[in-house]
Amino acid sequence: MTDITFEESTYSLLEGETVLEGLIRNGVQVPNGCRAGACQACVMQAQEGELPRNSQAGLKNTQQAQGLFLSCQCKPSNPLTIGFTDQGKSRTLAKVKDKENLSAQVLRVRLEKVLDFRPGQYLNIWHGDPEKPLVRSYSIASIPKLEDFIELHIKIIPNGRFSRWAADAMEPGAELNIQGALGNCFYVADDPHRPLLFIGIGTGLAPLYGILRDALLQGHQGKISLVLGAREPDGFYLRRELADLQRDYPQLNVNFVCQSFSNYPNDIGNTDLYQFVKEQFPSTKGTKIYLCGGDTFVRKMKKQIFLSGASMADIHADAFLPCS
Amino acid sequence: MSLYERIGGAAAVEAAVDIFYRKVLSDDLISHFFDTVDMDAQAAKQKAFLTMVFGGPNQYSGKDLREGHKHMALTELHFDAVIENLAGTLQELGVAQTDINEIAAIAGSVKDDVLNR
Ligand SMILES: Cc1cc2nc3c(=O)[nH]c(=O)nc-3n(C[C@H](O)[C@H](O)[C@H](O)COP(=O)(O)OP(=O)(O)OC[C@H]3O[C@@H](n4cnc5c(N)ncnc54)[C@H](O)[C@@H]3O)c2cc1C
Ligand code: HEM
(Lines give C-alpha, C1' and ligand atoms only; values in the text may rest on other atoms or scores of the structure.)
(Ligands and ions follow the chains in the order given, each with its own letter.)
Protein backbone atom coordinates (compact mmCIF):
# COMPACT_ATOMS: atom_id res chain seq x y z
CA MET A 1 0.00 0.00 0.00
CA THR A 2 2.48 2.64 -1.14
CA ASP A 3 1.24 6.08 -2.14
CA ILE A 4 2.33 7.66 -5.37
CA THR A 5 1.62 11.27 -6.26
CA PHE A 6 1.12 12.17 -9.90
CA GLU A 7 -0.03 15.61 -11.07
CA GLU A 8 -1.34 16.62 -7.63
CA SER A 9 -3.34 13.41 -7.15
CA THR A 10 -2.29 10.62 -4.83
CA TYR A 11 -2.97 7.00 -5.64
CA SER A 12 -2.45 3.92 -3.48
CA LEU A 13 -0.77 0.99 -5.13
CA LEU A 14 -2.20 -2.44 -4.44
CA GLU A 15 -0.05 -5.25 -3.08
CA GLY A 16 2.49 -6.27 -5.75
CA GLU A 17 1.30 -3.66 -8.22
CA THR A 18 3.70 -1.62 -10.37
CA VAL A 19 3.47 2.15 -10.76
CA LEU A 20 2.35 1.64 -14.37
CA GLU A 21 -0.42 -0.78 -13.40
CA GLY A 22 -1.56 1.47 -10.57
CA LEU A 23 -1.78 4.55 -12.76
CA ILE A 24 -3.63 2.74 -15.53
CA ARG A 25 -6.05 1.22 -13.00
CA ASN A 26 -6.82 4.77 -11.91
CA GLY A 27 -7.46 5.94 -15.45
CA VAL A 28 -4.13 7.71 -16.03
CA GLN A 29 -2.86 7.24 -19.57
CA VAL A 30 0.77 6.15 -19.61
CA PRO A 31 2.42 5.08 -22.86
CA ASN A 32 3.78 1.57 -22.54
CA GLY A 33 4.90 -1.36 -24.64
CA CYS A 34 6.56 -4.55 -23.52
CA ARG A 35 5.93 -4.16 -19.79
CA ALA A 36 9.10 -6.14 -19.26
CA GLY A 37 11.57 -3.32 -18.72
CA ALA A 38 12.90 -3.51 -22.24
CA CYS A 39 11.23 -1.08 -24.60
CA GLN A 40 11.41 1.96 -22.27
CA ALA A 41 8.14 3.39 -23.60
CA CYS A 42 6.82 3.75 -20.04
CA VAL A 43 9.70 5.81 -18.72
CA MET A 44 8.76 8.38 -16.08
CA GLN A 45 10.64 10.70 -13.76
CA ALA A 46 10.66 10.78 -9.97
CA GLN A 47 10.71 14.22 -8.38
CA GLU A 48 10.73 12.88 -4.83
CA GLY A 49 11.26 9.54 -3.14
CA GLU A 50 13.56 6.58 -3.40
CA LEU A 51 13.38 4.38 -6.48
CA PRO A 52 13.87 0.62 -6.36
CA ARG A 53 17.11 -0.23 -8.13
CA ASN A 54 15.58 -2.59 -10.66
CA SER A 55 13.26 0.14 -11.93
CA GLN A 56 16.30 1.98 -13.34
CA ALA A 57 18.08 -1.03 -14.82
CA GLY A 58 19.03 -0.59 -18.46
CA LEU A 59 18.77 3.20 -18.39
CA LYS A 60 21.85 5.29 -19.01
CA ASN A 61 23.54 6.52 -15.86
CA THR A 62 22.75 10.07 -16.94
CA GLN A 63 19.06 9.19 -17.04
CA GLN A 64 19.29 7.45 -13.68
CA ALA A 65 20.89 10.55 -12.20
CA GLN A 66 17.83 12.56 -13.26
CA GLY A 67 15.46 10.16 -11.55
CA LEU A 68 14.15 8.51 -14.71
CA PHE A 69 12.71 5.05 -14.16
CA LEU A 70 10.65 2.39 -15.90
CA SER A 71 7.16 2.54 -14.42
CA CYS A 72 6.42 -1.05 -15.49
CA GLN A 73 9.24 -2.34 -13.28
CA CYS A 74 8.69 -0.06 -10.32
CA LYS A 75 7.17 -1.48 -7.14
CA PRO A 76 8.20 1.20 -4.66
CA SER A 77 8.38 0.57 -0.93
CA ASN A 78 8.34 4.30 -0.10
CA PRO A 79 6.04 7.06 -1.33
CA LEU A 80 7.02 8.64 -4.65
CA THR A 81 6.18 11.86 -6.44
CA ILE A 82 6.41 11.30 -10.15
CA GLY A 83 5.68 12.84 -13.52
CA PHE A 84 6.36 12.39 -17.17
CA THR A 85 9.89 13.24 -18.24
CA ASP A 86 10.94 16.81 -18.82
CA GLN A 87 7.80 18.04 -17.22
CA GLY A 88 8.07 21.28 -15.36
CA LYS A 89 10.61 22.56 -17.85
CA SER A 90 8.72 25.79 -18.06
CA ARG A 91 10.13 28.79 -19.85
CA THR A 92 11.97 31.62 -18.16
CA LEU A 93 13.57 34.84 -19.27
CA ALA A 94 17.34 35.16 -19.23
CA LYS A 95 19.28 38.34 -19.97
CA VAL A 96 22.23 38.24 -22.34
CA LYS A 97 25.27 39.18 -20.23
CA ASP A 98 27.91 39.11 -22.86
CA LYS A 99 28.52 38.30 -26.51
CA GLU A 100 31.83 37.74 -28.27
CA ASN A 101 33.24 36.00 -31.36
CA LEU A 102 35.38 32.95 -30.59
CA SER A 103 36.19 32.68 -34.30
CA ALA A 104 34.79 34.10 -37.51
CA GLN A 105 32.08 31.41 -37.46
CA VAL A 106 31.41 30.93 -33.77
CA LEU A 107 29.65 33.31 -31.44
CA ARG A 108 29.97 32.94 -27.66
CA VAL A 109 26.86 34.05 -25.79
CA ARG A 110 26.69 34.22 -22.02
CA LEU A 111 23.31 34.35 -20.31
CA GLU A 112 22.30 34.94 -16.72
CA LYS A 113 22.32 31.68 -14.79
CA VAL A 114 18.56 31.47 -14.28
CA LEU A 115 18.18 27.70 -14.28
CA ASP A 116 19.80 24.51 -13.03
CA PHE A 117 21.73 22.46 -15.53
CA ARG A 118 24.54 20.01 -15.96
CA PRO A 119 27.32 20.98 -18.34
CA GLY A 120 26.54 19.37 -21.71
CA GLN A 121 22.78 19.60 -21.42
CA TYR A 122 21.02 21.99 -23.76
CA LEU A 123 18.32 24.62 -23.58
CA ASN A 124 15.70 25.73 -26.05
CA ILE A 125 15.45 29.37 -27.04
CA TRP A 126 12.00 30.55 -28.08
CA HIS A 127 12.51 33.44 -30.44
CA GLY A 128 10.33 35.87 -32.37
CA ASP A 129 6.58 35.99 -32.78
CA PRO A 130 5.02 34.19 -29.78
CA GLU A 131 2.28 32.90 -32.10
CA LYS A 132 4.81 31.30 -34.40
CA PRO A 133 8.02 31.08 -32.40
CA LEU A 134 11.29 29.85 -33.77
CA VAL A 135 12.66 27.26 -31.32
CA ARG A 136 16.39 26.60 -31.39
CA SER A 137 18.46 24.36 -29.13
CA TYR A 138 21.93 25.22 -27.86
CA SER A 139 24.23 23.18 -25.67
CA ILE A 140 25.75 24.51 -22.48
CA ALA A 141 29.53 24.88 -22.19
CA SER A 142 29.79 26.42 -18.73
CA ILE A 143 30.13 24.85 -15.29
CA PRO A 144 27.60 26.03 -12.70
CA LYS A 145 30.00 25.56 -9.79
CA LEU A 146 32.72 27.57 -11.48
CA GLU A 147 31.01 30.17 -13.58
CA ASP A 148 28.17 32.55 -12.98
CA PHE A 149 26.63 32.31 -16.45
CA ILE A 150 25.21 29.94 -19.04
CA GLU A 151 27.65 29.81 -21.94
CA LEU A 152 26.55 28.89 -25.46
CA HIS A 153 28.61 28.55 -28.62
CA ILE A 154 26.50 29.41 -31.63
CA LYS A 155 27.69 28.67 -35.13
CA ILE A 156 26.84 31.60 -37.37
CA ILE A 157 25.06 30.19 -40.40
CA PRO A 158 24.82 32.54 -43.41
CA ASN A 159 21.04 32.17 -43.77
CA GLY A 160 20.42 31.09 -40.21
CA ARG A 161 17.27 32.70 -38.92
CA PHE A 162 18.30 32.61 -35.27
CA SER A 163 22.09 32.50 -35.45
CA ARG A 164 22.25 35.49 -37.83
CA TRP A 165 19.96 37.47 -35.58
CA ALA A 166 22.11 36.57 -32.58
CA ALA A 167 25.26 37.62 -34.40
CA ASP A 168 23.94 40.83 -35.98
CA ALA A 169 21.12 42.24 -33.87
CA MET A 170 21.17 40.75 -30.38
CA GLU A 171 22.63 43.10 -27.76
CA PRO A 172 23.78 42.50 -24.21
CA GLY A 173 20.77 43.14 -21.97
CA ALA A 174 18.38 41.49 -24.44
CA GLU A 175 16.02 39.01 -22.82
CA LEU A 176 15.79 35.51 -24.25
CA ASN A 177 12.91 33.16 -23.59
CA ILE A 178 14.59 29.89 -22.60
CA GLN A 179 13.53 26.42 -21.58
CA GLY A 180 15.64 23.70 -20.05
CA ALA A 181 17.85 22.16 -19.19
CA LEU A 182 17.28 19.13 -21.39
CA GLY A 183 19.22 16.15 -22.61
CA ASN A 184 21.21 13.23 -21.28
CA CYS A 185 24.64 14.08 -22.54
CA PHE A 186 26.64 14.93 -19.40
CA TYR A 187 29.25 13.50 -17.05
CA VAL A 188 28.36 11.25 -14.13
CA ALA A 189 31.18 10.40 -11.73
CA ASP A 190 30.24 6.75 -11.28
CA ASP A 191 33.60 5.35 -12.29
CA PRO A 192 36.50 7.82 -12.14
CA HIS A 193 38.99 5.38 -13.67
CA ARG A 194 37.26 4.51 -16.93
CA PRO A 195 38.77 5.99 -20.09
CA LEU A 196 36.69 8.76 -21.65
CA LEU A 197 36.61 9.58 -25.35
CA PHE A 198 35.06 12.85 -26.54
CA ILE A 199 34.60 13.40 -30.26
CA GLY A 200 33.07 16.46 -31.82
CA ILE A 201 32.85 18.64 -34.89
CA GLY A 202 32.11 22.35 -35.13
CA THR A 203 30.21 23.76 -32.15
CA GLY A 204 29.94 20.19 -30.87
CA LEU A 205 32.79 21.53 -28.78
CA ALA A 206 30.26 23.53 -26.73
CA PRO A 207 28.82 20.57 -24.81
CA LEU A 208 32.16 18.74 -24.88
CA TYR A 209 33.98 21.71 -23.34
CA GLY A 210 31.42 21.68 -20.54
CA ILE A 211 31.43 17.90 -20.00
CA LEU A 212 35.21 17.65 -20.22
CA ARG A 213 35.87 20.34 -17.64
CA ASP A 214 33.11 18.93 -15.44
CA ALA A 215 34.81 15.51 -15.51
CA LEU A 216 38.19 17.06 -14.65
CA LEU A 217 36.67 19.13 -11.86
CA GLN A 218 34.96 16.07 -10.41
CA GLY A 219 38.36 14.40 -10.28
CA HIS A 220 38.18 11.97 -13.17
CA GLN A 221 41.43 9.97 -13.10
CA GLY A 222 41.19 7.76 -16.18
CA LYS A 223 42.61 8.73 -19.52
CA ILE A 224 40.58 11.42 -21.29
CA SER A 225 40.86 11.97 -25.05
CA LEU A 226 39.28 14.84 -26.91
CA VAL A 227 39.21 14.56 -30.70
CA LEU A 228 37.93 17.54 -32.67
CA GLY A 229 37.32 17.55 -36.38
CA ALA A 230 36.87 20.40 -38.87
CA ARG A 231 36.99 20.84 -42.59
CA GLU A 232 39.39 23.79 -42.44
CA PRO A 233 41.88 24.75 -39.74
CA ASP A 234 39.98 27.96 -39.02
CA GLY A 235 36.99 25.85 -38.00
CA PHE A 236 38.64 25.22 -34.63
CA TYR A 237 38.23 27.57 -31.68
CA LEU A 238 39.20 27.70 -27.97
CA ARG A 239 42.57 26.24 -28.94
CA ARG A 240 44.50 28.15 -26.30
CA GLU A 241 42.08 27.19 -23.55
CA LEU A 242 42.31 23.54 -24.57
CA ALA A 243 46.10 23.65 -24.69
CA ASP A 244 46.09 25.11 -21.16
CA LEU A 245 43.84 22.35 -19.92
CA GLN A 246 46.07 19.74 -21.50
CA ARG A 247 49.07 21.25 -19.74
CA ASP A 248 47.31 21.30 -16.36
CA TYR A 249 45.81 17.80 -16.53
CA PRO A 250 48.23 15.03 -17.55
CA GLN A 251 45.37 12.56 -18.07
CA LEU A 252 43.99 14.74 -20.88
CA ASN A 253 45.01 14.50 -24.51
CA VAL A 254 43.56 16.83 -27.19
CA ASN A 255 43.69 16.11 -30.93
CA PHE A 256 42.73 18.40 -33.79
CA VAL A 257 41.98 16.62 -37.02
CA CYS A 258 41.47 18.49 -40.25
CA GLN A 259 40.56 17.07 -43.62
CA SER A 260 41.55 19.61 -46.22
CA PHE A 261 44.34 22.02 -47.13
CA SER A 262 48.03 22.05 -46.42
CA ASN A 263 50.06 24.51 -44.33
CA TYR A 264 48.61 23.68 -40.97
CA PRO A 265 49.95 24.84 -37.74
CA ASN A 266 51.83 21.73 -36.68
CA ASP A 267 49.48 20.79 -33.83
CA ILE A 268 46.73 19.93 -36.30
CA GLY A 269 46.67 16.49 -37.89
CA ASN A 270 45.76 16.13 -41.54
CA THR A 271 43.52 13.13 -41.96
CA ASP A 272 39.96 11.91 -42.06
CA LEU A 273 38.26 12.06 -38.66
CA TYR A 274 36.70 8.59 -38.89
CA GLN A 275 39.99 7.09 -40.03
CA PHE A 276 41.85 8.88 -37.24
CA VAL A 277 39.49 7.53 -34.60
CA LYS A 278 39.72 4.04 -36.08
CA GLU A 279 43.51 4.08 -35.93
CA GLN A 280 43.95 5.78 -32.56
CA PHE A 281 41.15 3.93 -30.78
CA PRO A 282 40.99 0.46 -32.35
CA SER A 283 39.08 -0.90 -29.36
CA THR A 284 36.58 1.23 -27.47
CA LYS A 285 35.50 -1.57 -25.17
CA GLY A 286 35.02 -0.22 -21.65
CA THR A 287 35.37 3.40 -22.78
CA LYS A 288 32.70 5.99 -22.08
CA ILE A 289 31.97 7.94 -25.22
CA TYR A 290 30.58 11.42 -25.84
CA LEU A 291 29.71 12.43 -29.41
CA CYS A 292 28.52 15.95 -30.20
CA GLY A 293 27.91 17.86 -33.40
CA GLY A 294 25.97 17.56 -36.65
CA ASP A 295 23.45 14.81 -36.99
CA THR A 296 25.13 12.93 -39.84
CA PHE A 297 28.45 12.92 -38.03
CA VAL A 298 26.92 11.66 -34.79
CA ARG A 299 25.06 8.87 -36.51
CA LYS A 300 28.04 7.63 -38.50
CA MET A 301 30.49 7.89 -35.60
CA LYS A 302 28.08 6.24 -33.18
CA LYS A 303 27.87 3.17 -35.36
CA GLN A 304 31.62 3.03 -35.88
CA ILE A 305 32.28 3.41 -32.16
CA PHE A 306 29.69 0.80 -31.22
CA LEU A 307 31.15 -1.69 -33.68
CA SER A 308 34.61 -1.11 -32.20
CA GLY A 309 33.46 -2.40 -28.83
CA ALA A 310 31.83 0.32 -26.70
CA SER A 311 28.58 -0.61 -25.05
CA MET A 312 25.42 1.17 -26.30
CA ALA A 313 24.72 2.22 -22.71
CA ASP A 314 28.09 4.00 -22.58
CA ILE A 315 27.63 6.04 -25.75
CA HIS A 316 26.26 9.50 -24.99
CA ALA A 317 25.43 11.62 -27.97
CA ASP A 318 24.08 15.05 -28.71
CA ALA A 319 23.05 15.33 -32.33
CA PHE A 320 22.49 18.88 -33.55
CA LEU A 321 19.46 18.08 -35.62
CA PRO A 322 18.52 20.98 -37.83
CA CYS A 323 15.17 22.50 -36.86
CA SER A 324 12.20 23.40 -38.98
CA MET B 1 13.93 -22.50 -12.01
CA SER B 2 12.73 -21.13 -15.36
CA LEU B 3 15.00 -20.77 -18.38
CA TYR B 4 14.90 -17.00 -17.99
CA GLU B 5 16.00 -17.14 -14.34
CA ARG B 6 18.61 -19.78 -15.05
CA ILE B 7 20.46 -17.72 -17.64
CA GLY B 8 20.35 -14.58 -15.50
CA GLY B 9 17.17 -12.66 -16.32
CA ALA B 10 17.32 -8.99 -17.17
CA ALA B 11 21.08 -8.91 -16.53
CA ALA B 12 21.57 -11.56 -19.21
CA VAL B 13 19.50 -9.52 -21.64
CA GLU B 14 21.64 -6.49 -20.81
CA ALA B 15 24.85 -8.46 -21.43
CA ALA B 16 23.56 -10.01 -24.64
CA VAL B 17 22.13 -6.96 -26.37
CA ASP B 18 25.44 -5.27 -27.21
CA ILE B 19 26.97 -8.46 -28.55
CA PHE B 20 23.88 -9.43 -30.52
CA TYR B 21 23.36 -5.95 -31.97
CA ARG B 22 27.00 -5.77 -33.05
CA LYS B 23 26.66 -9.15 -34.74
CA VAL B 24 23.53 -8.32 -36.72
CA LEU B 25 24.97 -4.95 -37.78
CA SER B 26 28.00 -6.79 -39.14
CA ASP B 27 25.99 -9.48 -40.96
CA ASP B 28 25.53 -8.40 -44.59
CA LEU B 29 22.50 -10.60 -45.06
CA ILE B 30 20.41 -8.77 -42.46
CA SER B 31 22.28 -5.66 -41.34
CA HIS B 32 20.08 -3.34 -43.42
CA PHE B 33 17.04 -4.22 -41.29
CA PHE B 34 18.80 -3.02 -38.17
CA ASP B 35 20.78 -0.08 -39.49
CA THR B 36 18.31 2.55 -38.33
CA VAL B 37 18.70 6.16 -37.36
CA ASP B 38 17.95 5.78 -33.69
CA MET B 39 20.35 3.17 -32.36
CA ASP B 40 19.09 3.49 -28.79
CA ALA B 41 15.54 2.72 -29.86
CA GLN B 42 16.79 -0.21 -31.92
CA ALA B 43 18.73 -1.57 -28.95
CA ALA B 44 15.58 -1.32 -26.81
CA LYS B 45 13.65 -3.37 -29.37
CA GLN B 46 16.36 -5.96 -29.40
CA LYS B 47 16.10 -6.22 -25.65
CA ALA B 48 12.40 -6.96 -26.14
CA PHE B 49 13.33 -9.66 -28.64
CA LEU B 50 15.96 -11.19 -26.35
CA THR B 51 13.69 -11.11 -23.29
CA MET B 52 11.07 -12.96 -25.28
CA VAL B 53 13.29 -15.72 -26.65
CA PHE B 54 14.94 -16.13 -23.23
CA GLY B 55 11.49 -17.07 -21.96
CA GLY B 56 11.14 -13.87 -19.95
CA PRO B 57 8.03 -11.82 -19.26
CA ASN B 58 6.58 -10.15 -22.34
CA GLN B 59 3.32 -8.93 -23.80
CA TYR B 60 3.79 -9.83 -27.44
CA SER B 61 1.15 -11.96 -29.15
CA GLY B 62 1.65 -13.85 -32.38
CA LYS B 63 -0.45 -11.16 -34.02
CA ASP B 64 1.92 -8.44 -32.74
CA LEU B 65 4.90 -10.27 -34.20
CA ARG B 66 3.07 -10.68 -37.50
CA GLU B 67 2.27 -6.97 -37.68
CA GLY B 68 5.71 -5.92 -36.47
CA HIS B 69 7.62 -7.85 -39.13
CA LYS B 70 5.22 -7.65 -42.07
CA HIS B 71 6.86 -4.73 -43.89
CA MET B 72 10.25 -6.48 -43.99
CA ALA B 73 9.13 -9.40 -46.19
CA LEU B 74 11.43 -11.77 -44.33
CA THR B 75 12.46 -15.17 -45.62
CA GLU B 76 13.77 -18.36 -44.06
CA LEU B 77 17.31 -17.15 -44.83
CA HIS B 78 16.85 -14.02 -42.73
CA PHE B 79 15.34 -16.02 -39.93
CA ASP B 80 18.23 -18.48 -39.87
CA ALA B 81 20.73 -15.63 -39.85
CA VAL B 82 19.10 -14.14 -36.77
CA ILE B 83 19.12 -17.52 -35.00
CA GLU B 84 22.77 -18.01 -35.90
CA ASN B 85 23.75 -14.61 -34.51
CA LEU B 86 21.70 -15.32 -31.43
CA ALA B 87 23.42 -18.67 -30.87
CA GLY B 88 26.83 -17.06 -31.41
CA THR B 89 25.99 -14.40 -28.83
CA LEU B 90 24.93 -16.99 -26.27
CA GLN B 91 28.04 -19.06 -26.85
CA GLU B 92 30.21 -16.00 -26.29
CA LEU B 93 28.41 -15.47 -23.01
CA GLY B 94 29.04 -19.07 -21.98
CA VAL B 95 25.39 -20.15 -21.94
CA ALA B 96 24.99 -23.94 -21.78
CA GLN B 97 24.20 -25.68 -25.08
CA THR B 98 20.99 -27.18 -23.68
CA ASP B 99 19.79 -23.68 -22.81
CA ILE B 100 20.79 -22.40 -26.25
CA ASN B 101 18.72 -25.17 -27.80
CA GLU B 102 15.76 -24.23 -25.66
CA ILE B 103 16.09 -20.58 -26.69
CA ALA B 104 16.29 -21.55 -30.36
CA ALA B 105 13.13 -23.61 -29.89
CA ILE B 106 11.25 -20.62 -28.45
CA ALA B 107 12.37 -18.54 -31.44
CA GLY B 108 11.34 -21.37 -33.78
CA SER B 109 7.88 -21.49 -32.25
CA VAL B 110 7.04 -18.03 -33.60
CA LYS B 111 8.70 -18.47 -36.98
CA ASP B 112 5.47 -18.58 -38.97
CA ASP B 113 4.30 -15.36 -37.34
CA VAL B 114 7.59 -13.55 -37.94
CA LEU B 115 7.71 -14.69 -41.58
CA ASN B 116 4.00 -13.92 -42.02
CA ARG B 117 3.15 -17.36 -43.32
C1 LIG C 1 20.11 19.12 -29.04
C2 LIG C 1 20.68 20.19 -29.92
C3 LIG C 1 21.76 20.92 -29.51
C4 LIG C 1 22.31 21.91 -30.31
N5 LIG C 1 23.39 22.60 -29.86
C6 LIG C 1 23.96 23.54 -30.67
C7 LIG C 1 25.12 24.27 -30.23
O8 LIG C 1 25.62 24.10 -29.11
N9 LIG C 1 25.66 25.16 -31.07
C10 LIG C 1 25.13 25.40 -32.34
O11 LIG C 1 25.70 26.22 -33.06
N12 LIG C 1 24.05 24.74 -32.76
C13 LIG C 1 23.44 23.81 -31.96
N14 LIG C 1 22.32 23.15 -32.40
C15 LIG C 1 21.72 23.54 -33.70
C16 LIG C 1 20.79 24.77 -33.50
O17 LIG C 1 19.69 24.41 -32.69
C18 LIG C 1 20.20 25.33 -34.80
O19 LIG C 1 19.66 24.30 -35.57
C20 LIG C 1 21.23 26.07 -35.63
O21 LIG C 1 21.83 27.08 -34.85
C22 LIG C 1 20.61 26.69 -36.86
O23 LIG C 1 19.59 27.63 -36.52
P24 LIG C 1 19.32 28.94 -37.38
O25 LIG C 1 17.98 29.48 -37.01
O26 LIG C 1 20.49 29.86 -37.27
O27 LIG C 1 19.32 28.40 -38.87
P28 LIG C 1 18.01 27.98 -39.75
O29 LIG C 1 17.29 29.21 -40.15
O30 LIG C 1 17.28 26.94 -39.01
O31 LIG C 1 18.72 27.30 -41.00
C32 LIG C 1 19.17 28.04 -42.14
C33 LIG C 1 19.79 27.09 -43.15
O34 LIG C 1 21.03 26.56 -42.64
C35 LIG C 1 21.00 25.14 -42.63
N36 LIG C 1 21.72 24.67 -41.41
C37 LIG C 1 21.16 24.38 -40.20
N38 LIG C 1 22.12 24.03 -39.32
C39 LIG C 1 23.30 24.10 -39.99
C40 LIG C 1 24.65 23.83 -39.63
N41 LIG C 1 24.98 23.41 -38.38
N42 LIG C 1 25.60 24.00 -40.56
C43 LIG C 1 25.30 24.42 -41.81
N44 LIG C 1 24.03 24.67 -42.22
C45 LIG C 1 23.04 24.51 -41.32
C46 LIG C 1 19.55 24.77 -42.62
O47 LIG C 1 19.31 23.50 -43.21
C48 LIG C 1 18.93 25.90 -43.45
O49 LIG C 1 19.03 25.61 -44.82
C50 LIG C 1 21.76 22.16 -31.59
C51 LIG C 1 20.65 21.43 -32.01
C52 LIG C 1 20.11 20.44 -31.20
C53 LIG C 1 18.92 19.68 -31.68
C1 HEM D 1 13.13 -15.35 -33.88
C2 HEM D 1 12.00 -14.78 -34.05
C3 HEM D 1 11.80 -13.33 -33.81
C4 HEM D 1 11.20 -12.78 -32.73
C5 HEM D 1 10.65 -13.50 -31.49
C6 HEM D 1 11.24 -11.34 -32.91
C7 HEM D 1 10.73 -10.45 -32.00
C8 HEM D 1 10.75 -9.08 -32.15
C9 HEM D 1 10.23 -8.15 -31.19
C10 HEM D 1 9.58 -8.52 -29.87
C11 HEM D 1 10.41 -6.90 -31.70
C12 HEM D 1 10.06 -5.59 -31.03
C13 HEM D 1 8.77 -5.05 -31.56
C14 HEM D 1 8.44 -3.72 -30.95
O15 HEM D 1 8.24 -3.64 -29.74
O16 HEM D 1 8.38 -2.74 -31.71
C17 HEM D 1 11.07 -7.05 -32.99
C18 HEM D 1 11.42 -5.99 -33.81
C19 HEM D 1 12.19 -6.15 -34.95
N20 HEM D 1 12.58 -7.32 -35.55
FE21 HEM D 1 12.19 -9.18 -34.87
N22 HEM D 1 11.86 -11.04 -34.09
C23 HEM D 1 12.22 -12.23 -34.69
C24 HEM D 1 12.87 -12.37 -35.91
C25 HEM D 1 13.34 -11.33 -36.69
C26 HEM D 1 14.05 -11.50 -37.95
C27 HEM D 1 14.38 -12.82 -38.61
C28 HEM D 1 14.37 -10.23 -38.38
C29 HEM D 1 15.13 -9.77 -39.62
C30 HEM D 1 16.17 -10.37 -40.09
C31 HEM D 1 13.83 -9.30 -37.43
C32 HEM D 1 13.93 -7.91 -37.52
C33 HEM D 1 13.34 -7.03 -36.64
C34 HEM D 1 13.46 -5.59 -36.78
C35 HEM D 1 14.22 -4.83 -37.87
C36 HEM D 1 12.71 -5.04 -35.73
C37 HEM D 1 12.50 -3.56 -35.44
C38 HEM D 1 11.30 -3.12 -36.19
C39 HEM D 1 11.05 -1.65 -36.06
O40 HEM D 1 11.98 -0.89 -35.83
O41 HEM D 1 9.87 -1.26 -36.17
N42 HEM D 1 13.21 -9.99 -36.43
N43 HEM D 1 11.25 -8.38 -33.22
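Here are legends for close-up views of this predicted model. Residues are numbered from 1 along each chain as its sequence is written, chains are lettered from A and ligands numbered from 1 in the order written. Local features need pLDDT of at least 70, side-chain atom pairs count only at pLDDT 80 or more, and totals for chains, interfaces and linings use all residues, while side-chain values use heavy atoms, leaving out hydrogens and water.

**View 1. The shell around ligand 1.** Ligand 1 has 21 residues around it, and R136(A), S137(A), Y138(A), F162(A) and S163(A) come nearest (a residue is near if one of its heavy atoms lies within 4 Å). By class, that's 10 nonpolar, seven polar and four charged residues. β9(A) gives the most, with four residues.

View 2. For T203(A), a polar side-chain atom is 3.0 Å from a ligand 1 oxygen. Taken alone, ligand 1 exposes 940 Å², and the protein buries 75% of that (Shrake-Rupley method, 1.4 Å probe).

**View 3. The iron of ligand 2.** H69(B) is the single protein donor to the iron atom, with its NE2 2.1 Å away. Donors are N, O and S atoms within 2.8 Å of the metal (3.2 Å for Na, K and Ca); water is not among the atoms, so sites may look incomplete.

How values were computed: Polar contact = N/O pair within 3.5 Å; in protein donor to acceptor, adjacent residues only side chain to side chain. Helix = DSSP H or I, 4+ residues; strand = E, 2+ residues; numbered from the N terminus. Nonpolar A, V, L, I, M, F, W, Y, C, P; charged D, E, K, R; others polar.
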